[in-house]
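Have a look at the model first, then read on.

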Amino acid sequence: MEEAEKAARRYGLPLPLVLATMAIESNNEADKVNTSSGATGLLQVREVAAKEVLANYPELKKEFPNLLGANGKINMNELKKPEVGLAIGSAALKINMDRFDGDAKKALAAYNMGYNNFKELGFDLARLAKGKETDNYIKNIEKIFSDRGLAMPTASLFYHLSPQDRRCYLRQGKADAAQ
């Protein structure tokens with residue numbers, strides 16, 4: 001998907017991470033809405049996450065002028081548009097990747113359960129309830145990576161790579177995603 005590749009490249013994320021997250025979050029359905037959380041779109045973005053993204057990336061307000069209403073609320077229907085939902089969701093994932101020095105498992109935990117909820121667990125993956133939503137979410141994304149013969153990005157695998165090695169990893173993800 002061209003929009004996913006564009007968003008991954010824009011935020012310096014491995015394309016396989018964006019694609020795997022999209023597959024688990026929405027089953028690649030752009031108009032999916034989670035009725036319990038209100039999350040919307042391909043990357044199932046919540047309003048609180050979208051607001052955090054706009055605070056960190058104010059240029060997105062101009063790029064997607066219909067996203068933020070005059071009342072300060074996020075227009076959740078805008079997130080159903082692949083280019084909007086992928087840009088905002090990827091930016092949210094990038095914020096979490098930066099918070100956790102490129103540790104994808106921690107970034108995904110914060111993305112899935114919310115940063116503050118993960119903070120309550122001391123950002124400790126071992127404290128996730130085994131077999132529950134966030135634990136299963138991370139395992140399902142890991143399985144997608146494993147099925148493609150890739151390792152999940154970690155601080156030592158991705159964020160500490162040279163720029164040239166990062167580009168190789170990102171290209172590898174693009175090649176695998178096309179298969």
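Which residue forms a salt bridge with Lys 143? That would be Asp 147, with the closest N and O atoms 2.9 Å apart. A salt bridge here means a side-chain nitrogen of Lys or Arg within 4 Å of a carboxyl oxygen of Asp or Glu, and the count by this rule comes to 9.

This is a predicted model, where local features need pLDDT of at least 70 and side-chain atom pairs count only at pLDDT 80 or more, while totals for chains, interfaces and linings use all residues. Residues are numbered from 1 along each chain as its sequence is written, and side-chain values use heavy atoms, with hydrogens and water left out.

**Overall makeup**

- The chain has 10 helices and 0 strands, where helices (H or I, at least four residues) and strands (E, at least two) are DSSP runs numbered from the N terminus.
- Of the 179 residues in the chain, 42% are buried; buried means under 20% relative accessible area, exposed over 50%, and partly exposed in between (1.4 Å probe, protein chains only).
- Take the contacts (heavy atoms within 4.5 Å) between residues at least 6 apart in sequence: 54% of them join residues at least 24 apart.
- The chain's accessible surface is about 9100 Å², with 48% belonging to carbon and sulfur atoms; areas come from the Shrake-Rupley method with a 1.4 Å probe, and for residues only the protein chains shown count as cover.

- Asp 147 and Lys 143 sit 4 residues apart in helix H8, so about one helical turn separates them.
- Asp 147 is exposed, at 55% relative accessible area, whereas Lys 143 is partly exposed at 47%.
- Glu 47 and Lys 51 pair up as well, in a salt bridge at 3.7 Å, N to O.
- Both of those residues, Glu 47 and Lys 51, belong to helix H3 (residues 47-56), 4 residues apart, or about one turn of the helix.
- Glu 47 counts as partly exposed at 26% relative accessibility, and Lys 51 is also partly exposed, at 39%.

**A salt bridge between helices**

- Glu 142 and Lys 105 meet through their side chains in a salt bridge at 2.8 Å, N to O.
- Glu 142 is in helix H8 (residues 133-147) and Lys 105 in helix H6 (residues 104-113), so the pair ties together parts 37 residues apart in sequence.
- Glu 142 is partly exposed with 24% relative accessible area, and Lys 105 counts as partly exposed at 33%.
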